[in-house]
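Hi there,

Here is the structure I promised to pass on to you. Have a look at it first, and then read on for my notes.

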Amino acid sequence: MPELTYREAVRDALSRALREDDNVFLMGEDIAEMGGSMAVTQGLLDEFGPKRIRNTPISEMAIVGSGIGAAIQGMRPVVEIMYEDFLTLSMEQLVNQAAKHRTMSGGQVKVPLTIRTQGGAGWSPGAQHAQQLEAWFVHVPGLKVVFASTPEDVRGLLWSAIYDDNPVVFFEHRTLYPLKGEVPEELEPIPLGKARIHRAGEDVTVVATGRLVHDALQAAETAEGEGISVEVVDPRTLLPLDEETIVASVKKTNRCVTAHEAVVRGGFGAELAAVIQHAAFDWLDAPIERVGSKFAPLPFAPVMEQYVVPQVEDVLDAIRRTVARA
Amino acid sequence: MATEIKLPRLGQGMEAGTIVRWLKSEGDEVAKGEPLFELDTDKVTQEVEADAAGVLLKIVVPEGEASVGTTVALIGAADEEVSEFVAGAQGGNGDARAAARPVEDPPAENAALSADEQSEAGDGAPKGTRPQEQKAPSAAAPGAAAVEPPAAPSPVRAGCERVKASPLARRIARERGLDIAALTGTGPEGRIIAEDVEHASDGAVSGPPAAAPDDGGSIEIVELTSVRRTIARRLTEAWAAPVFQLSVTADASALSATREHMVELLREGETKPTVSDVLTRLVASALQRHPAVNALFVDGKIHRYGRVNVGIAVATANGLVVPVIRAADRESVLGIAAIRADLVSRAREGKLKLADLEDGTFTISNLGMYGIEQFIAVLNPPQVAILAVGSIADRPAAVDGSLEIRPTLTMTITCDHRAIDGSEGAEFLQTVKSLVESPALAL
């Protein structure tokens, strides 16, 4: 199997869709000649030309808004919001327009729009260029929300997002772009709403998203040495959520840790905890632990950033707490 | 205006019942007199009929135990708003679920017990935090419970408010019938976690093995049904009575011959009498002549009865029941046969009504059909005597100085000595023997 970086995997899904389907086109800030601020779209302008790889003005509202219009007209646009922090500027279009048209028109209008964006700390970007805001969008009926953590997943899920007839907010993590991983020779679409069990275990389930999937896997290795068997599950799609897989896992292990880089308060882990406690109440042997960022604007100083953002050790501590004895 | 359906009192002394199953769902049309739900009392499971017509608007007590008089459902017009009604009904009765607490298990007592156990368990602990935590509610519990018992449909939950235990630990304890309050928690802050229950379960005689049994064996844990619980309680009570037994062997040839004659003369539609039926009739006559034996021992007083209501012990899949043949001394043998056949078939189907089981003044237990020669029956309190009947079989017997083979049967009476003396029991048994040997004397 070929090996691709997470960045190359995103690009591969985009170029295959662009190659196979004239309705697919890209819009975003500096995505053409510059190849995107994260270099994801490098080389696409050369192959597909300026009509399909379109630079936009610095207006997130316009980017998403024009994407909605094109989608309603039958195209499958993929728009890029350079940093997810800037999704705030497109909220009206996303929340009030994209998410609503299909139901408000009684199904006459579809919005097959993909909004790619990225974020994440670990490289001193400061408080305005590294937030993890995925939980906001999970709260909006009419949207789908994806957060991929591996090259294989990001490629297969992006393909499914492009070909979904609903607006999909597609989160990528900044620090995962260089991550290498094997991918199938042929692109295999991964259906939205299917979780992935990365590692099977018996004692505790860690439900992790984005970068924390990798931290959780590392923590699981260490825990294994302490005699704690950890199962790691990545929902991959946050909305719709694969409750079945997650609940089945917790029913097996009887303990659960949720882990994401977003702040704990009101984070996606809260939704997971609620779903799990309700569906598996009589199977829980310990309180559900939530791992996430401390409730603070992200500091610029690397040492402070590291303090605020969850690390492998934080996941490990949470795992240990769930199996703790007095 | 919706009608509140209350848990009925099906018989004297009934304080609570267990709703086993609803025969109607919310929203169903219900006619007056239609069976509404199945109610399990400590004696019998009975269908309870709706005493109002309309739509079953709300099932207030879905399943489980509830006290007599608790509103269990609301019947009214289809579009009626019942939410307020339900709130009111629950306020008036106390919380329906609170009322659902088993009667034998008063909350205050329970709370005190578990708190005591906890503080005892904590005495040896180096830190005083846990016993104190456990003790605090024990002071408040009896008073609070008297006013507003905490909602607790099962005894296991009674300790929930005070004992820290994980939901999984509680579930396992509930499934294995362990009292969670009696366990020691090893989780954070003394929380009882699943492993603690597994350990306790390992040690418990009644508990199944915690892990998959590797000896290949398995233990079946049988929860006591309401009927079984009653059997256990009443027969344990019976041991408190000082009893003595007397046995007599009678020649059964006349008894068998009488029955055979009756069978020969049987007409269309009549029930074929059994030996037991003839015996029931004969014993009823004997009881009429010996009122000391036809009695109940209640609250330190002997209640002697003029009427003779003979209970007959019937084995069913759910356990022993003793339906009663009323005024057996005034029934013909064929009449007794018909009543007995009806009672036994309904007993086996679990369809006896409470009235079928009440007011017995004496009990006959016959294991003759199993080939049992003789046995001792345990008293059926508050009755003061019970007759155990063995099999009729050809046995060697001394007749007028020579050895003959005769059909005989041995009967053993168990008497409550508080009410009956040996001579009274003996005289009764003598009468029974003479009636068995000459059934015509019962005329």
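One definition to begin with: helices and strands here are DSSP runs, a helix having at least four residues and a strand at least two, and they are numbered from the N terminus. Please keep in mind throughout that this is a predicted model.

With that numbering, B:Asp400 sits in the loop between β18 (393-399) and β19 (402-416) of chain B. Its phi is positive, near 50°, although the residue is not a glycine. Is B:Asp400 buried or exposed? It counts as exposed, because it has 5 C-beta neighbours inside 10 Å, and 12 or fewer is the cut-off for that class.

B:Asp299 is another non-glycine residue with a positive phi, in this case about 50°. The loop that holds B:Asp299 runs between β10 (295-298) and β11 (301-304) of chain B. B:Asp299 has 7 C-beta neighbours inside 10 Å, so it is classed as exposed too.

You will also find cis peptide bonds. One joins B:Pro381 and B:Pro382, with omega at about 5°; B:Pro382 belongs to the loop between β16 (362-366) and β17 of chain B. Another links A:Leu239 to A:Pro240, where omega is about 0°. A:Pro240 is in the loop between β12 (237-239) and α9 (243-253) of chain A.

Chain B also has an open, antiparallel sheet of four strands, in the order β1-β8-β6-β3. Its edge strands, β1 (3-6) and β3 (29-30), each pair on one side only. Between β1(B) and β8 (residues 71-76) of chain B there are four bridges, and B:Thr3 has B:Ile75 in β8(B) as its bridge partner.

Where the chains meet, 12 residues of chain B contact 10 residues of chain A. On the chain B side, helix α5 (residues 167-176) contributes the most, with four residues. That side is made up of six nonpolar, four polar and two charged residues.

How far does the predictor trust all this? For the complex, it gives an ipTM of 0.78 and a pTM of 0.52. Chain B has an average pLDDT of 79, with 78% of its residues scoring at least 70. Within chain B, strand β17 (residues 385-389) has the highest confidence, at 96, and helix α4 (residues 129-147) the lowest, at a mean of 39. The pLDDT stays under 50 over residues 88-160 of chain B, and it is below 50 over residues 204-213 of that chain as well.

Best wishes

Methods
Residues are numbered from 1 along each chain as its sequence is written. Chains are lettered from A and ligands numbered from 1 in the order in which they are written. This is a predicted model: local features need pLDDT of at least 70, side-chain atom pairs count only at pLDDT 80 or more; totals for chains, interfaces and linings use all residues. Two strands pair if DSSP finds at least two bridges between them. pLDDT is the predictor's confidence in each residue, from 0 to 100. Two residues are in contact if their C-beta atoms, placed from the backbone, lie within 7 Å. Ala, Val, Leu, Ile, Met, Phe, Trp, Tyr, Cys and Pro count as nonpolar, Asp, Glu, Lys and Arg as charged, and the others, Gly among them, as polar. A residue is buried if 20 or more other C-beta atoms lie within 10 Å of its own, exposed if 12 or fewer, and partly exposed in between; C-beta atoms are placed from the backbone.
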